[in-house]
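Please brief me on this structure: backbone geometry, salt bridges and surface charge. Keep it short and give the cut-offs.

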Amino acid sequence: MKKKFSVLIILFTLLIACNVNVADLRPHGSQTGVPELTRNNYLMGFLNEYRSSYDVSYYDINIDFNIEEKSIDGFVTIKARALNDIDTLQVDLAKNLNIKKITHQNSSVEYSREEDAVMVIFNQTIDKDTLFDFTVHYYGIPQSADNPPWAGGFTWSKDKNDRDWVAVSCEGEGARIWWPNKDHITEEPDSVRMAFTVPSNLVSVGNGQLRGVLEKEDDKTTYEWFVNNPINNYNISVQIGHYVAVQDTFIKRDKTHYMNHYVLDYNEEVAENYFPQSKEVIRFYEKYFGDYQWWDDGYKLIEVPYLGMEHQSAVTYGNGFSIYNGVRSSSWAMYGVIDPLIIHETGHEWFGNSVTAVDPTHIWIHEGLQVYSEALYFEDKFKNYAVSVDYLKSIKSRIQNKIPIVGPEDENYWALNGDTYMKGAWVMHTLRSVINDDPVWFEILKEFMIENAKSHVSTEDFFDKVKEKTGIDYSYFSEQYFYSPNQPKLEYYQTDSQFYYKWNNINDNFIMPIDLLINGVEKRVLPNKTFQSFDIKKHSTIEVMDWKFYIEKELVNYE
Ligand SMILES: [Zn+2]
């Protein structure tokens, strides 16, 4: 059963339902191609004592949007627990935004600013283990997005009827570009209230559930949204436009969950027919990676004027309602069975939103696993391993092998520009082939996701899980594929009686096996850095199975 409601009816229904010294710059290290460490990235990336001394439990975000001026005016109350005695702490807000005042217990407190860090200096010590809150009042013109969602910020756009349409995306930039918070990937509040005030002819959509709509003076309306789960700061979002709600349901084990999508009014009908595919996507991810974690916040797709983003429980969508002709669909055809944006961004509810990287340098856990899971989607859909290989082959040429997938930690290094996506996926595919035991491989993936739901993990955590399930230490593999940019190369040749093979372009400890097809029969060999050989019959046909492993192969001249 599926029903359409006008915005007002759905809103009504939902109302009922529910100058302090921080350490000096450190030398960067030898990672080629990784940006130099700036002062701001040091301040944002490292959990210094002024950040690790408190744990945020709640953000109360109140923002009034002036769309004509592309400006915001608001205040955010931050509730936290003191993990040490605190005189001073660091909160983060983009330096181009102005602070009016910061208050604690109804009095103003001192603060100083350096880059995006704001050092709040309390009038008295906050004792360890106490709960406390403070409020930052601020205003300004937030950063606009150059190329959302990759180069993020606000997109101040018009819909096709020339009406205002606004959205924000800020994964790499950080939520501090529009509201003050402790902007580190490990800091997730337990819940968030968002009160977005917009001109009354517009609707503002945030994450989670709509709790109230309040008409204000000056022809303005406040929409109050609430997220009742831990959430990454960059996932908190606002969308403003002529939205209508499209309601759908997701039924699981006799339980009905509600999905309240938001689209521009003129797309209501197409969305009603198009968005149900998200349910098939959710069922796939639940089958392989465990339960969707946010049903109490719902699940919705929100139409936006950019491609899309994985905002938790509020996935944004801008691929034109087309499997074939969307912006992304033309390059990612997806075999005509699914919208590439819906499958990708929805999958991030598992990879990224639930299981989050402990440092943005490990962000292949979000993106590499995500792209890999798309290959598995097609394998599952068509009940055919070859389709997953075909999908992976279609993205292989985009791998560059210039910098390691994982770079430096503590530097606010969002490793989103290198081989995080495509090579990350290929590395997972390769590991499956090396382990060579599909039931174990699928258990590794599912257990890793379930055991780490709503928490933070590193590359090492993933390989700890692999070791637990296989009994094998794959650090040689991790070091080669995640911490080195080099693609292993298998050099080989054959004579009438022998097949010769060896690895090149590898770390000294690299001991990965490789599969060959010899006259149609599989054989696993363990190459090293010097040529080894085995007996073959004259005129044997030998194929290196490089569709199963991320390697280069080269027939060498052996003279
Ligand atoms: Zn992604």
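Directly after helix H9, asparagine 436 adopts a positive phi of about 60 degrees. Asparagine 436 is not a glycine. The model is predicted: local features need pLDDT of at least 70, side-chain atom pairs count only at pLDDT 80 or more, and totals for chains, interfaces and linings use all residues. Residues are numbered from 1 along each chain as its sequence is written, and side-chain values use heavy atoms, with hydrogens and water left out.

**Backbone**
- Asparagine 436 sits in the loop between H9 and helix H10 (438-451). Helices (H or I, at least four residues) and strands (E, at least two) are DSSP runs, numbered from the N terminus.
- Asparagine 401 also has a positive phi, near 55 degrees. Its place is the loop between helix H8 (385-396) and H9.
- Proline 148 to proline 149 is a cis peptide bond, with omega near 0 degrees. Proline 149 belongs to the loop between strand E8 (131-140) and strand E9 (153-158).

**Helix H9**
- H9 covers residues 422-435, and its end C-alpha atoms are 20 Å apart.
- In H9, 14 of 14 residues are buried. Buried means under 20% relative accessible area, exposed over 50%, partly exposed in between (1.4 Å probe, protein chains only).

**Salt bridges**
- The structure has 34 salt bridges, each a side-chain nitrogen of Lys or Arg within 4 Å of a carboxyl oxygen of Asp or Glu.
- Arginine 432 pairs with aspartate 438 at 2.9 Å, N to O. Arginine 432 is buried at 4% relative accessibility; aspartate 438 is partly exposed at 33%.
- Glutamate 468 bridges to lysine 465 at 3.1 Å, N to O. Both lie in helix H11, three residues apart, about one turn of the helix. Glutamate 468 is exposed at 54%, while lysine 465 is buried at 4%.
- Aspartate 515 and lysine 548 form a salt bridge, with closest N and O atoms 2.8 Å apart. This pair links distant parts of the chain, 33 residues apart. Both residues are buried.
- One network, joined by salt bridges that share partners, holds Glu443, Glu447, Glu451, Lys465, Glu468 and Lys469.

**Negative patch**
- Glu409, Glu460, Asp461, Asp464, Asp473 and Glu479 form a negative surface patch. Patch residues have over 30% relative accessible area and no salt bridge, with like charges joined within 9 Å.
- Helix H11 (residues 459-470) gives the largest share, three residues.
- Aspartate 473 lies in the loop between H11 and helix H12 (475-481). Aspartate 473 is partly exposed, at 42% relative accessibility.

Notes:
Patches are made of residues with over 30% relative accessible area and no salt bridge: like charges are joined within 9 Å, nonpolar side chains (Val, Leu, Ile, Met, Phe, Trp, Tyr) within 5 Å. Accessible areas come from the Shrake-Rupley method with a 1.4 Å probe; for residues, only the protein chains shown count as cover. Lys and Arg count as positive and Asp and Glu as negative; His and the chain ends are not counted. The place of a charge is taken as NZ of Lys, CZ of Arg, CG of Asp or CD of Glu. The expected span of a helix is 1.5 Å times one less than its number of residues.
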